[in-house]
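Visitor: Could you take me through this structure in questions and answers, with the cut-offs spelled out as we go?

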Amino acid sequence: MEATKRADHAVSNTATAAEHDFMVVSNRLPVDRCTAEESGCEDGWRRSPGGLVTALAPMMTKTDGAWVGWHGAPDETVEPFSHGGIDLVPVQLSTQDIELFYEGFSNATLWPLYHDVIAPPEFHRTWWDAYRRVNRRFADAVAHHAAPGATVWVQDYQLQLVPKMLRDARPDLRIGFFNHIPFPPPEIFAQLPWRQAIIDGLLGADLVGFQRSSDAGNFMRSARRFLGASVKQQQVHVKGGDGATTHIARAQAFPISIDVQQISELARRPEIIERARQIRRDLGNPKTILLGVDRLDYTKGIRHRLKAYEELLADGKVTVEDAALIQVASPSRERVEQYRLLREEVEGTVGHINGTYDTMQNTAVRYLHHSYPVEEMVALYLAADVMLVTALRDGMNLVAKEYVTARTNNDGALVLSEFAGAADQLKQALLMNPHDIDGLKDTIMKAVNMQPAEAARRMRAMRKQILDHDVDRWSSEFLTALNEKVIRDDT
Ligand code: F6P
C-alpha cells in the first residue's frame, strides 16, 4: 500500500485518532442538540432531518465511516462521539468564525454569487481569510482521522478549499466533492477576487459533482478560463509543483433526491391523512389550497409568488372564499443583512395582502415563520392542491420532489420554476419563469383549474421519475463514479 503522508499540523480533536475508511465532511454535523423530552433525543442529540444522512448512514456503518462537521454551538469543543451508529468528529467554530466564515464568506459572498447575484455579493479579505482558516481546520480533522486509502466525500460550497488541502496532506485518499447549490457561469464567477484559489481547491478532488450538467459545464469553463486548465470530456489532468499529473479531476452532474420511502410511508399513514383533512377544515374548506414551503431566502422567489397571488386576488381570478395560500417560511441565516431585509419585505407584503383581502371568516395568506417536523410537512403536502416552487435560482429544490412523492393518489399540481435544478427531472410539472409575473399568474390559474385526468397524467410521470431516483441511488451512483478508475491518456 502507498505510504501515507500525514499532515504534521493535523492533530485537532484527539491525541490518538480512529482510522476511518469512509468519511463525509459537511459544514454541519447531521445531528442537532435536543432535550430529553423531545422525540428521537438520545444523550442530548438527535439526527437532523433530511435525506443525505439517511442515504449515507448504511454506508457509514458498513465501512467504519465517520462524519466531520460543526456541531452547532459556537465556541464549544465537543469530543468525537457516536450517535445512531455513526461516528461523529466535531469541528469547533468560534463566534468570530461564524460571523466571518459562515455568515460572511459562505452566505454573503458565495451564496449570492452562486445564485445569479440576486442579492449583491460582498467581497471582504477578512472573510476570505476566515474561509481559508476554517477550511484548513476541516481538512486537518479529516487528514487526522482517515485510514490509508480512505474515501472522503466533501459536501457543499462552505468547504470548497478542502479537496486541495486534503490532497496535499494525504495524496493516498480518494476525494469526492458535491456542490449542493448552483455553480455560476464564468462571467459571474469572474467577480470573485479569489476565483483561482476556489477552482484550484475543487480540482483537488477526483470527482466534483453538481446538481445540473449546466453547473458542471460552468465549472469546467471557469477552470479553463481562470486556471488555463486543458479540459477534455469534462476531465482535467491536474499537475503538481513539478509539472507531473497528480490526478485526473472529473466534473459530472448527480441530481440529488429525497428519502422516497420515508415520505411515501408518511403519506399513507391514517393520522397524517386525517391531519391533512383537518388543515383543510381549519382553513374553512376552500376549493383550492395553494402551498409554498421555503427557507426564508431571497433565492426562493417568495416575493414574486406573493405579487402574482395578490394580483390574482385583485383581478378576481381567485377569492379568499375559494382559495387559501399557505406560505411556510422557515427561519434561516437571520443575522445576515439580506435575510433580515427579506423578512421585513415578505412580512410587510403578507400584512398588506391580508389587510386588503381578508374577511372575518377567511384569510388570504397563512404565513407561518416556523420549521415543522416532517410529519406536519407531509400533511401539508397532502392538503395542498397546488404546490408553488417559484425559485429565482435553486440548486435542486427538494420540496418539489417531496410534494410529488407525497401525492400517492396522483392528484395535485406542481408549479415549478425552470431555474430550480428539479426542473431537469420533473419535466411534466407546470414549468415557468418566475420573473414573468403574468406568466406566473397564468400558470397558477392553469394549476388551479387543471382537470383531474391531466393532473394524474403529469403526476404519474413525475412520481415514476422520483421513485426510480431516490437519494440512495444518488449517493451510490456518486460513490461508484468516485471509485472508478479513470483512464489517463497522457501516460
Ligand atoms: O442548500 C444548501 C444548504 O447548505 C443546505 O445543505 C442546507 O440545508 C441549507 O443550505 C441551509 O443551510 P444553513 O442553515 O446551514 O446555512
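Visitor: In which hand, left-handed or right-handed, does H9 pass H12?

Guide: A word on the basis comes before the answer: this is a predicted model in which local features need pLDDT of at least 70 and side-chain atom pairs count only at pLDDT 80 or more, while totals for chains, interfaces and linings use all residues. Residues are numbered from 1 along each chain as its sequence is written, and side-chain values use heavy atoms, with hydrogens and water left out. Helices (DSSP runs of H or I, at least four residues) and strands (E, at least two) are numbered from the N terminus, and a crossing is left-handed if the near helix is turned anticlockwise from the far one by less than a right angle, and right-handed if clockwise. By that convention, the crossing in which H9 passes H12 is right-handed.

Visitor: Which term describes how H9 and H12 are set to each other?

Guide: Axes are lines fitted to C-alpha atoms, for helices over the stretch in contact, and angles run from 0 to 180 degrees between N-to-C directions. Helix H9 (residues 270–282) and helix H12 (residues 374–383) have axes 8 Å apart and pack at an angle of about 60°. Angles under 35 degrees count as roughly parallel, over 145 as roughly antiparallel, 65 to 115 as roughly perpendicular and the rest as oblique, and H9 and H12 are therefore oblique.

Visitor: How many nonpolar, polar and charged residues are in the contact of H9 with H12?

Guide: With contact meaning heavy atoms within 4.5 Å, H9 contributes Ile272, Ile273, Arg275, Ala276, Ile279 and Arg280, and H12 contributes Glu375, Glu376, Val378, Ala379, Leu380, Leu382 and Ala383. Ala, Val, Leu, Ile, Met, Phe, Trp, Tyr, Cys and Pro count as nonpolar, Asp, Glu, Lys and Arg as charged, and the others, Gly among them, as polar. The classes in this contact are nine nonpolar, no polar and four charged residues.

Visitor: At roughly what angle do the axes of helix H1 and helix H16 cross?

Guide: H1 passes H16 in a right-handed crossing, and the residues that make the contact include Leu52, Leu56 and Met59 of H1 and Trp474 and Leu479 of H16. The axes of helix H1 (residues 51–62) and helix H16 (residues 471–483) come within 9 Å, and they cross at roughly 55°.

Visitor: Is Gln158 buried or exposed?

Guide: Gln158 lies in the loop between strand S7 (146–155) and helix H4 (162–169), and, leaving aside neighbours within four places in sequence, Gln158 is in contact with Asn27, Phe101, Ser106, Tyr131 and Asn135. Buried means under 20% relative accessible area, exposed over 50%, and partly exposed in between (1.4 Å probe, protein chains only). Because its relative accessibility is 9%, Gln158 counts as buried.

Visitor: Which residue is 142 residues from Arg303 in sequence and 34 Å away, C-alpha to C-alpha?

Guide: Arg303 belongs to helix H10 (residues 302–315) and touches Tyr298, Leu342, Glu345 and Val346, not counting residues up to four places away in sequence. The residue that lies 142 residues away in sequence and 34 Å away in space, C-alpha to C-alpha, is Leu161.
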